[in-house]
Amino acid sequence: MSAKITMPLDKARVIVKRIQALYPDAHCELIHDNVFQLLIAVMLSAQATDVSVNKVTPALFERFPTPEAFLQASPKEIEPYIQTIGLYRNKAKFIYQCCEQLMQRYGGEVPRTRKELMDLAGVGRKTANVVLAVGFGIPALAVDTHVDRVAKRLGFVPANATPLEVEEALMEIIPKEDWAQAHHAILFFGRYYSTAKNPKPIDFLFEGLE
């Protein structure tokens with residue numbers, strides 16, 4: 001067993017299965033029509049809610065449907081479309097730089113490897129993993145604040161585990177073919193049930209597992 005996992009694997013796997021059963025239709029709630037839009041939406045979602053991102057992306061993508069369209073503008077011209085999102089000035093710069101790199105390196109296409117994605121401006125491991133799993137159907141497991149909080153609250157990992165350690169632990173607990181669905185189920189569980197403030201009881205997930 002990995003030292004990062006703080007409960008027996010078989011027990012952790014049962015708990016994840018129970019969460020998956022609670023949210024069988026869990027999915028990415030960021031509205032997008034293609035992988036490029038998904039990439040931009042996930043970049044915008046850092047330290048922001050999906051709801052707030054979904055409010056700005058229809059007008060943003062109507063005005064800037066492609067990397068080329070963003071490059072015909074400037075970061076300052078992007079800002080008004082996303083100014084209700086946290087850190088919008090930095091995000092406008094990152095989006096512009098990311099589109100430059102997409103055009104220069106990949107002919108405007110979004111790359112399909114984690115390394116290439118993480119080499120893009122404003123793209124971290126979580127964003128890259130969402131694009132891989134949701135955009136391309138490539139097994140990956142993104143750890144956002146909800147997944148991180150739930151993994152620690154359930155006792156899968158120590159309270160001081162890093163997001164990468166949480167990801168590695170979940171990759172060991174969850175079969176690879178289930179990474180994407182289980183990630184969204186855990187995320188939904190954290191977003192709608194085991195919330196950051198006033199979380200509901202989670203004892204029922206442990207019934208019969210002592």
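Begin by selecting histidine 146, which lies in helix α9; helices here are DSSP runs of H or I with at least four residues, strands are runs of E with at least two, and both are numbered from the N terminus. The model is a predicted one, in which local features need pLDDT of at least 70 and side-chain atom pairs count only at pLDDT 80 or more, while totals for chains, interfaces and linings use all residues. Residues are numbered from 1 along each chain as its sequence is written, and side-chain values use heavy atoms, with hydrogens and water left out.

Is histidine 146 buried or exposed? Histidine 146 counts as buried because its relative accessibility is 19%, where buried means under 20% relative accessible area, exposed means over 50%, and partly exposed lies in between (1.4 Å probe, protein chains only). Now show the side chain of arginine 149, with which the side chain of histidine 146 makes a polar contact at 3.2 Å; such a contact is a pair of N or O atoms within 3.5 Å, and within protein one must be able to donate a hydrogen and the other to accept it, with residues adjacent in sequence counting only if both atoms are side-chain atoms. Leaving aside residues up to four places away in sequence, histidine 146 touches Leu187, Gly190 and Arg191, contact being heavy atoms within 4.5 Å.

Stay in helix α9 and select alanine 151, which counts as buried because its relative accessibility is 2%. With residues up to four places away in sequence again not counted, alanine 151 touches Phe156, Val157 and Val166. A C-alpha to C-alpha distance of 13 Å separates alanine 151 from histidine 184, and the two are 33 residues apart in sequence.

Next, colour the chain by its division into domain 1 (9-27 + 140-205) and domain 2 (35-136), bounds that come from an automatic or database domain assignment. Taken over C-alpha atoms, the centres of domain 1 and domain 2 are 26 Å apart, and the contact takes 10 residues from domain 1 and 9 residues from domain 2.

Finally, select Ser45, Ala46, Ala48, Asp50 and Lys126, which lie nearest the centre of the largest pocket among its 32 lining residues. The elements that give two or more residues to this lining are α2 (35-44), α3 (50-63), α6 (88-106), α8 (125-136), α9 (145-153) and α11 (179-192), and the largest share, 6 residues, comes from α11. A pocket is an open set of points on a 1 Å grid over the protein atoms alone, where a 1.4 Å probe fits, with protein on both sides within 12 Å along at least five of seven lines, and lining residues have an atom within 4 Å of a point.
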